[in-house]
Amino acid sequence: MAAGVGGVKASLPAHGADQLDRSDQRAVSAFFNWFFFALCLGGLGAATGMVWVQENKGWDWSFNISIIILTLALCIFTFGFPFYRYRKPSGSPLSRIFKVLISAARNWKVSATEMMNEDVEEINPQGVDGRSSNKFRFLNKALIDDNVTAANVKETKTFLGLLPIFASTIMMNCCLAQLQTFTVQQGHIMNKGIGNFTLPTQSLTVFPLIIMLASISLYEIFSTKVSGKTSPFPPLWRIGMGLSIASGSMAAAAVIEARRRSEAQNGTQLSVFWLGWQYLFLGVSDMFVLGGMLEFFYSEAPSSMRSMCTALSWCSTSMGYFISSILVTMANMVTQRLGGKWLGGKDLNHTRLDLFYALLCVLNFLNLLNFIYWAKRY
């Protein structure tokens, strides 16, 4: 499952954008927005329809339905084979990057005079952005080796230039992971009643999906009416706005958790719909950040590395979920020495989840400043 999903998410966005005119930035931006919309729509179907089938018909029904849907999707995809634009494989970009790094390390003692004596051919056959030429000058020493071309060095410089932007988005995904886990625990001990109906705790994941679907649609309507054929916000601006909103989502989560805990100590239950505020901010933030990352990494990547660079968006998500567990462990280790674990025990009424959310808010703000620094230098 992981290998299949990883392959699809790494290659499908770049393949779809390759069908468009790369110079039409608005079309590329719209494609990635609607691609994200399709992912959220699939998640909404899984969180509603498939959950109902599992509870009322059994797991075997849900697996059979999944097989049918995936088979149908594969058939639809294969029908387009005669019409797709194809890009010929040009070898592994990772192997070219490692070759440049190894050659640069092997020749690190080469003097500037020896470099000037080398006949370096400045070529740009694969659409590599020339802005990276003045960065990472130490990699030029790789050109001493005959098996490294100027295009290889430019590719490597461009890829390394994307990494600080990529690293600056991981913290936001840490918050996404925390809200998707602790919010379910909060929902268990909050008032889930809507008249005579009790909202299932598992259905809380539907709220961020609905908000994402609505925010993507509204953003596209706004983009079409206001900016026309150009994107209203450059990708780096979108990512920056998303990161700032992520800080707001954690601040809202901290305030709401503090109030929920206070109400619980007084013997009352806060309505679960108060969690909607953090879901609202988080959904809009995710729309800005992930959509901006897909557009940015695709647009800035060399043509031979678009799939790998676009996959950095999903690497950010997976690393954020992984690091989130480390943050919880570290917070518990530090606070236990100070008198009591913030997140120890199963009862949230006896923990300090609000302080942990406040910590994430501060870390997100610092991460935003870090992103601004690298975005200005890009």
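## The model and its confidence

This is a predicted model, in which local features need pLDDT of at least 70 and side-chain atom pairs count only at pLDDT 80 or more, while totals for chains, interfaces and linings use all residues. Residues are numbered from 1 along each chain as its sequence is written, and side-chain values use heavy atoms, with hydrogens and water left out.

The pLDDT score is the predictor's confidence in each residue, from 0 to 100. Its average over the chain is 83, and 92% of the residues score at least 70. Helices here are DSSP runs (H or I, at least four residues), numbered from the N terminus. Please read residues 119-128 with care: pLDDT stays under 50 there, and the model has 16 contacts for them beyond four places in sequence. A contact means heavy atoms within 4.5 Å.

## Salt bridges between helices

Side chains of opposite charge can pair when their charged atoms come close. The structure holds six salt bridges, each defined as a side-chain nitrogen of Lys or Arg within 4 Å of a carboxyl oxygen of Asp or Glu. One of them joins the side chains of Arg-96 and Glu-155, at 2.9 Å from N to O. This pair links distant parts of the chain, with Arg-96 in helix H4 (residues 93-106) and Glu-155 in helix H6 (residues 150-168), 59 residues apart. Both Arg-96 and Glu-155 are buried, a word that stands for under 20% relative accessible area, with exposed meaning over 50% and partly exposed in between (1.4 Å probe, protein chains only).

Another salt bridge connects Glu-295 to Arg-238, whose closest N and O atoms are 3.8 Å apart. It too links distant parts of the chain: Glu-295 sits in helix H10 (residues 276-300) and Arg-238 in helix H9 (residues 235-265), 57 residues apart. Glu-295 counts as buried because its relative accessibility is 0%, and Arg-238 counts as buried because its value is 0%.

Asp-354 is buried at a relative accessible area of 9%, whereas Arg-352 is partly exposed at 29%.

Arg-26 belongs to helix H2 (residues 25-56) and is buried, at 7% relative accessibility. Its side chain makes a polar contact of 2.8 Å with the side chain of Glu-220. A polar contact is a pair of N or O atoms within 3.5 Å; within protein, one must be able to donate a hydrogen and the other to accept it, and residues adjacent in sequence count only if both atoms are side-chain atoms.

## Helix H12

Helix H12 (residues 312-337) has 26 residues and reaches 37 Å from its first C-alpha to its last, close to the expected 38 Å. The expected span is 1.5 Å times one less than the number of residues. Buried residues in H12 include Trp-314, Gly-320, Leu-327 and Asn-332. After H12 comes Gly-339, with a positive phi near 135°.

## Cysteines

A disulfide is a covalent bond between the sulfur atoms of two cysteines. With a cut-off of 2.5 Å between the sulfur atoms, a search of the whole structure finds zero disulfides. Cys-361 is in none, and the nearest cysteine sulfur, that of Cys-175, is 8.5 Å away. For Cys-40, the closest cysteine sulfur is also in Cys-175, and at 18 Å it is too far for a bond. Cys-40 is buried, with a relative accessible area of 2%.

Conventions: Helices (H or I, at least four residues) and strands (E, at least two) are DSSP runs, numbered from the N terminus.
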